[in-house]
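Subject: Structure for you to look at

Hello,

Here is the structure I promised to send. Please open it first and keep it in view while you read the notes below.

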Amino acid sequence: MNYFDLPKIDLHCHLDGSVRPETIIALAAEQNITLPSNDIEEIRTLMIAPETCTDLGEYLQRFDLPLSVMQTAAGIERISFELFEDAAQENVKYLEVRFGPMLHLEQGLTLEQVFDSVVAGMKRAEAMYDIKGNYILSILRHMPKDRIKEVLDTAAKYLNDGIVAFDLAGGEAPGFCAEFVPYAEYAIEKGYRVTIHAGEQGVGQNVFDAVSLLGAERVGHGIHITGHEGAYDLVKAQNIALETCPSSNVQTKAVENLANHPVKAFYQDGIQITINTDNRTVSNTTMTDEVRKVMEEFNLNREDYFNIYNISIEHAFASDEVKQHLSTFSE
Ligand SMILES: O=c1[nH]cnc2c1ncn2[C@H]1C[C@H](O)[C@@H](CO)O1
Ligand SMILES: [Zn+2]
């Protein structure tokens with residue numbers, strides 16, 4: 001099968017984990033930032049998380065370098081544009097990108113400038129290529145909570161016009177959901193959709209909590225519902241979509257290897273699974289690669305692929321008009 005030509009949808013992709021290594025070098029030069037090296041291969045190596053990561057914590061260290069050049073409006077706009085361009089060029093028709101707004105304030109940008117920049121880059125690419133997109137606000141779980149409502153208020157300028165959802169990301173401790181209940185409620189009241197990273201690091205209960213306490217309609221990863229009957233049943237009963245990211249899960253040791261990934265078992269049991277990149281650069285992947293890996297490892301056929309594509313359409317935080325457009329590529 002020609003995986004490159006297939007129409008694809010990526011619902012789980014981080015902006016700062018998907019920066020072109022070439023762009024790091026170019027932006028560092030423009031911004032007078034000294035990099036550990038100016039050699040493209042060395043930069044690439046520094047950005048890609050090794051297969052030998054011990055856990056998610058080590059994986060998350062790979063974001064410091066890209067974030068260092070993502071502190072100007074022009075830099076963020078460019079990176080946003082290039083991510084949509086890269087995805088469009090491998091036939092991704094719809095892309096939801098997430099980012100941590102508070103990670104881009106180190107050199108004096110305001111939240112509004114950050115939102116203006118990501119959305120402008122996306123819209124520039126949408127005008128040039130056959131791709132549509134939306135942004136998701138990732139709140140980093142370890143950061144102070146005092147500006148979360150301000151993030152939601154400021155981004156509301158683009159609500160349903162470029163920014164659509166609320167997410168929690170970063171390291172995953174057991175029971176993290178409880179302390180975020182007021183923020184998820186606030187987001188839902190304002191009209192944001194909710195997806196939460198949970199069940200990535202072995203804690204099935206976190207998926208149960210993300211759905212029941214935070215109102216998650218989708219779950220980032222969610223693979224550890226396998227060990228938690230309550231979470232598994234809840235995800236199934238409520239038709240919650242799991243945003244699986246197979247390569248990332250292998251790198252972070254969420255699964256031992258691809259063969260042990262539960263994506264096929266979930267699919268066969270009627271769980272709403274989607275296939276996504278997580279981080280195109282940090283996980284050294286593309287949608288073409290993720291789809292190929294899953295289909296070849298688990299012997300899925302074209303009909304299976306389009307079933308999964310249709311699940312992605314159904315659970316996308318996109319307008320009816322965009323969903324209609326995406327369904328024109330279905331078989
Ligand atoms: O797979 C992930 N799990 C949890 N957090 C993640 C993952 N990939 C990236 N992040 C974090 C690191 C980024 O700086 C942040 C915003 O994109 O989200
Ligand atoms: Zn993620």
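Strand 7 (residues 241-244) and strand 8 run parallel and are joined by four bridges. Helices (H or I, at least four residues) and strands (E, at least two) are DSSP runs, numbered from the N terminus. Two strands pair if DSSP finds at least two bridges between them. Across from Thr-244 stands Ile-275 in strand 8.

Before going further, note that this is a predicted model, in which local features need pLDDT of at least 70, side-chain atom pairs count only at pLDDT 80 or more, and totals for chains, interfaces and linings use all residues. Residues are numbered from 1 along each chain as its sequence is written, while chains are lettered from A and ligands numbered from 1 in the order in which they are written.

Strand 7 also pairs with strand 6 (residues 218-221), in the parallel sense and over three bridges. There, Gly-220 stands opposite Glu-243. Which residues of strand 7 point which way? Ala-241 and Glu-243 point one way, Leu-242 and Thr-244 the other way, and all are buried. A residue is buried if 20 or more other C-beta atoms lie within 10 Å of its own, exposed if 12 or fewer, and partly exposed in between, with C-beta atoms placed from the backbone. In a regular strand the side chains alternate between the two faces of the sheet.

The whole sheet is open and has eight strands in the order 1-2-3-4-5-6-7-8, with parallel pairing. Strand 1 (8-14) and strand 8 (272-275) stand at the edges with a single partner strand each, so one side of each has no neighbour in the sheet. On average, neighbouring strands are turned by 25 degrees against each other, direction ignored. Helix 5 (residues 73-88) lies across strand 1, strand 2 and strand 3 (132-140), at about 150 degrees to strand 2. Axes here are lines fitted to C-alpha atoms, for helices over the stretch in contact, and angles run from 0 to 180 degrees between N-to-C directions. Two residues are in contact if their C-beta atoms, placed from the backbone, lie within 7 Å.

Now the chain as a whole. The protein chain has 15 helices and eight strands. Its radius of gyration is 18 Å, close to the 20 Å that the globule rule gives for 331 residues, so the chain is as compact as a globular protein of that length. That radius is taken over C-alpha atoms, and the rule is 2.2 Å times the number of residues to the power 0.38. Buried residues make up 49% of the 331 residues.

Next, the ligand. Around ligand 1 there are 18 residues, of which His-14, Phe-63, Gly-100, Ser-138 and Ala-169 come nearest. A residue is near a molecule or strand if its C-beta atom, placed from the backbone, lies within 6 Å of it. Helix 3 (56-60) and strand 2 (92-99) are the elements that give two or more residues to this shell.

Last, two residues in loops. Asn-239 sits in the loop between helix 10 (229-237) and strand 7, and its phi is near 55 degrees, a positive value in a residue other than glycine. Lys-253, in the loop between helix 11 (246-251) and helix 12 (263-268), has a positive phi of about 65 degrees although it is not a glycine. Most residues other than glycine have a negative phi.

Regards
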